[in-house]
Amino acid sequence: MIATYNCPACGKTIPADRPVWRCHCGGPLDLATGPGLTRAEIDTGEGSLWRYRAALALVGPPQVSLGEGWTPLVERRWDGATVLFKLESQMPTGSFKDRGTAVMLNHLLEVGVGPIHEDSSGNAGSSIATYAAVAGIPCRIYVPATAPRGKVVQIAASGAEVRAIPGTRQAVTEAALAATGESFYASHNWHPYFIEGTKTLAYELWEQLGFRVPDNILVPTGYGSNILGLDRGFDELIRRGETSRRPRLFAVQAENCAAFAAAWDAGATGYTPFAARPTVADGIATVRPVRTEAVLGALRRSQGGVVAVPEAEIAPALAALGRLGLFVEPTAATAAAALSHLLRAGSIRPEETTVAVLTGHGLKATDKIADLLGVPTPD
């Protein structure tokens, strides 16, 4: 069955039977409400996100996969509380982006996509370039000139063309938008099927917790695809009668570049201008999110919120995670720093079931981590 897109801006409905990344009016598209699934429909013989295939808006089985999903959920003590850390850093390309990429690329293959391009600060570019290589699709990735070298090397190793763009992160996006006549813009920030992939995180947490829903989930947030995916996934579980509640979702941002925090603190429903500054958490340094209103709506529905982490607290959180055996990039460490804030404020209680999502592996940013932790360079 062919899925459909809905445009919240103009109300138009579009069949998802060809490569499309936004509405003709210029607004972002949403996938129509999915069927969800029950625990009886889980393919328990599949050790990846494809165990939830029955809930995904694809016509057939996946054409490309690297075994993405079903990442570890490990228990650790953090600031006097027992916390569950979801190791999305253990994905095939080292970040949570593989959930969205795998589903988006399989959809694009179903509808006959040609060459693709994307703009990314690193992780999404690494993921899309890798899956495009597996699919045999020509791929070009636009990256900031200041992007972490490890991520750029990973993109290049897949055979994708890398174009480094000087200036702001927004300048990189504008370069990618200008190239839409050359190839298909497979944007993880725009494409609804990327969110369709990230919703499997909700299913996975629910199943790994013995078909229970956690009380709280903290997610490092740049554009908000994980927040939207979690909202979509838990909504589907509620509609199928598998749970009666949703967890509180907390979007974690770096204080230096916190678009959602600016809007949240202002009580706004949409984008609120703010002054962005450089942050070591490059993966969430987003100045102008595409779906600001939708992300804020998801946070409010869950009765969660936004936590902006001061720059000085990121490195200590990263080091503390490392001593727990959890080596992550600075962006992922913001989730642990935010957890400390919420526990101290009493917003999260130690006896609650809390999940902190660690979105990217430390090997993505070893040079930056070495500087943060003062690791000396060998002679």
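Trainee: What makes the crossing of H1 and H2 right-handed?

Mentor: A crossing is right-handed if the near helix is turned clockwise from the far one by less than a right angle, and left-handed if anticlockwise. The crossing of H1 and H2 is right-handed. This is a predicted model, numbered from 1 along each chain as its sequence is written, in which local features need pLDDT of at least 70, side-chain atom pairs count only at pLDDT 80 or more, and totals for chains, interfaces and linings use all residues. Side-chain values use heavy atoms, without hydrogens and water.

Trainee: Why is H1 called oblique to H2?

Mentor: Their axes come within 9 Å and cross at roughly 40°. Axes are lines fitted to C-alpha atoms, for helices over the stretch in contact, and angles run from 0 to 180 degrees between N-to-C directions. Under 35 degrees counts as roughly parallel, over 145 as roughly antiparallel, 65 to 115 as roughly perpendicular and the rest as oblique. H1 is therefore oblique to H2.

Trainee: Which residues of H1 and H2 make the contact?

Mentor: Contact means heavy atoms within 4.5 Å. Among them are Lys97, Met104 and Leu109 of H1, and Asn123, Ile128 and Ala135 of H2. Helices (H or I, at least four residues) and strands (E, at least two) are DSSP runs, numbered from the N terminus.

Trainee: How do you know that E6 pairs with E9?

Mentor: Two strands pair if DSSP finds at least two bridges between them. E6 (residues 116-119) and E9 are joined by 2 bridges and run parallel. Tyr185 in E9 is the bridge partner of His117. The open sheet has 4 strands in the order E8-E7-E6-E9.

Trainee: What makes E8 and E9 edge strands?

Mentor: Each pairs on one side only. Helix H4 (residues 169-178) packs on this sheet and touches E6, E7, E8 and E9.

Trainee: What is the largest nonpolar core?

Mentor: A nonpolar core is a set of buried Ala, Val, Leu, Ile, Met, Phe, Trp, Tyr and Cys residues joined through side-chain atoms within 4.5 Å. Buried means under 20% relative accessible area, exposed over 50%, partly exposed in between (1.4 Å probe, protein chains only). The largest such core has 44 residues, and Met104, Ile116 and Cys139 are among those with the most contacts inside it. H1 supplies the largest share, 5 residues.

Trainee: Which residues of H10 are buried?

Mentor: In H10 (residues 314-323), they include Ile314, Leu318 and Leu321. The buried residues of H10 pack against elements including E4, H11 and H12.
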